[in-house]
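Visitor: I would like to learn how to read the features of this model one at a time, with the general idea before the particular case. Could we begin with a sheet and then go on to the helices and the contact between the chains?

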2 protein chains.
Amino acid sequence: MSQPVVQITLPDWVDTAVDWERRYDGDEAKVALAIELARENVRHDTGGPFGSAVFERDSGRLVAVGVNRVLPLNNSVLHGEIVAFMMAQQRVGSYTLGAPNLPRHELATSCDPCAMCLGAALWSGVKRVVCGATREDAMALNFDEGPVFPESFDYMARRGVEVVRGVLREEGAAVLRMYVERSGEIYNG
Amino acid sequence: MSQPVVQITLPDWVDTAVDWERRYDGDEAKVALAIELARENVRHDTGGPFGSAVFERDSGRLVAVGVNRVLPLNNSVLHGEIVAFMMAQQRVGSYTLGAPNLPRHELATSCDPCAMCLGAALWSGVKRVVCGATREDAMALNFDEGPVFPESFDYMARRGVEVVRGVLREEGAAVLRMYVERSGEIYNG
């Protein structure tokens, strides 16, 4: 039996909605982009209310973006963070953004990563994750964020991955509410 | 800037190595297939020493397989479990293998899922995960399995996902050791 090929794409609107030349300085600018991606994803009806972006930490250069693609691509793995990691790794040509020949990378995301995405951050090679809305904000809408505990963040810290939470939390949470108001599907397993 | 397209494929040898007509009865037969996939992946040098398969639980029908593709595809997300979930969801045409119109599904995997893959199992819609080698076996080779704790499995159980560990553990662990003996790269972030 011939095997499926899975193809992962970003929505067309990403090309024009993102300023690739800009330098993103500071956590708020980076998370603001992730939240804007989440908002545009809801507005265009191209996936769930989550966006992410991978940056070079020191230069503030944008490397790749991701938005949630679970529903349009029938693929439960395609959270915004996962898509951003895959796109960034393809762009730099390495399975780790922490390769010794690369600048240090960080992820900004519109909402705390779920268990899958926190685990993915560890493998991705980013050394910092900056988050907007909280796990509680997502759980309040019945998104099941999975087995993440306070000691999960301790584990990440011991492995050299800093997680900063609650940056522009209210703006991130507002996009989650917008999705629900538009009757967006809550796509638990 | 035009956006990357990420394409996920299985190695060519999968077509001929897997018996798609067979019915896989019982946990050992299912995990044995996952371990055989892991072993073939090492032998063919097409990725890390991990394999997985998604089955219809009651009929034992094989739905999709996955092998680790991190190194050949430069993509840290592509663990065997993740690839199997994506392929299975594409085959059934749903973002959840737990959709009400589908038979119940389960995952067999050659080694305990890392934090990312355990989280992915929750979103995937499988109701059961059967594992071969243990987290400790993988950690002993310096694969960093991430923030998984005893309460992680309790969380999964409360959400209706049963995780069964240690089925054919020694056979699964032997493939991990074979990978190391062949100087396979340990691809942490």
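Visitor: In which sense do strand 2 and strand 3 of chain A pair, and over how many bridges?

Guide: A word of care belongs at the start, since this is a predicted model. In general, the strands of a sheet pair through backbone hydrogen bonds, either parallel or antiparallel. Here strand 2 (residues 51-56) of chain A pairs with strand 3 of chain A in the antiparallel sense, over five bridges, and within strand 3 of chain A the bridge partner of A53(A) is V65(A).

Visitor: How should I read the packing of helix 3 of chain A against helix 4 of chain A, parallel or antiparallel?

Guide: One begins with the axes, which in this pair come within 9 Å and cross at roughly 15°. Angles under 35 degrees count as roughly parallel, and helix 3 and helix 4 of chain A are therefore roughly parallel to each other. The crossing of helix 3 of chain A with helix 4 of chain A is left-handed. On the side of helix 3 of chain A the residues are E81(A), I82(A) and F85(A), which meet C117(A), A120(A), A121(A) and S124(A) in helix 4 of chain A. By class, this contact of helix 3 with helix 4 of chain A divides into five nonpolar residues, one polar and one charged.

Visitor: Turning to chain B, which strands are at the edges of its sheet?

Guide: In chain B there is an open sheet of five strands, ordered 3-2-4-5-6 and mixed in its pairing; its edge strands are strand 3 (62-67) and strand 6 (162-164) of chain B, each of which pairs on one side only. An example of parallel pairing is that of strand 4 (residues 105-111) with strand 5 (residues 128-133) of chain B, over four bridges, where A108(B) stands opposite V130(B) in strand 5 of chain B.

Visitor: Where does helix 7 of chain B lie?

Guide: Helix 7 (residues 169-181) of chain B lies across strand 4 and strand 5 of chain B, and it runs at about 60° to strand 5 of chain B. The axes of helix 2 (residues 27-43) and helix 7 of chain B come within 9 Å and cross at roughly 10°, which makes helix 2 of chain B roughly parallel to helix 7 of chain B. Residues I35(B), A38(B), R39(B) and V42(B) of helix 2 of chain B meet E171(B), G172(B), V175(B), M178(B) and Y179(B) of helix 7 of chain B.

Visitor: How many residues does each chain give to the contact between chain A and chain B?

Guide: Chain A gives 52 residues and chain B gives 52 residues. On the side of chain A that touches chain B, the largest share, eight residues, comes from helix 4 of chain A, and the residues of that side divide into 28 nonpolar, 19 polar and five charged.

Visitor: How do helix 4 of chain A and helix 4 of chain B cross?

Guide: Their axes come within 7 Å and cross at roughly 155°, and helix 4 of chain A and helix 4 of chain B are therefore roughly antiparallel to each other. The crossing of these two helices is left-handed, and by class their contact has twelve nonpolar, two polar and no charged residues. Strands take part as well, for strand 1 of chain A pairs with strand 1 (residues 6-8) of chain B in the antiparallel sense over three bridges, and V6(A) has I8(B) as its bridge partner.

Visitor: What rotation superposes chain A on chain B?

Guide: A rotation of 180°, with 0.0 Å of shift along its axis, superposes chain A on chain B with an RMSD of 0.0 Å. The two copies are thus related as by a two-fold rotation axis, and the same surface serves both copies, as 100% of the contact residues of chain A recur in chain B.

Conventions
Residues numbered from 1 in each chain as written. Chains lettered and ligands numbered in written order. Predicted model: local features only at pLDDT ≥ 70, side-chain atom pairs only at ≥ 80, totals over all residues. Contact = placed C-beta atoms within 7 Å. Nonpolar A, V, L, I, M, F, W, Y, C, P; charged D, E, K, R; others polar. Pairing = 2+ DSSP bridges. Axes fitted to C-alpha atoms, helices over the stretch in contact; angles between N-to-C directions. Parallel < 35°, antiparallel > 145°, perpendicular 65-115°, else oblique. Left-handed = near helix turned anticlockwise from the far one by under 90°. Least-squares fit on C-alpha atoms with pLDDT ≥ 70 in both.
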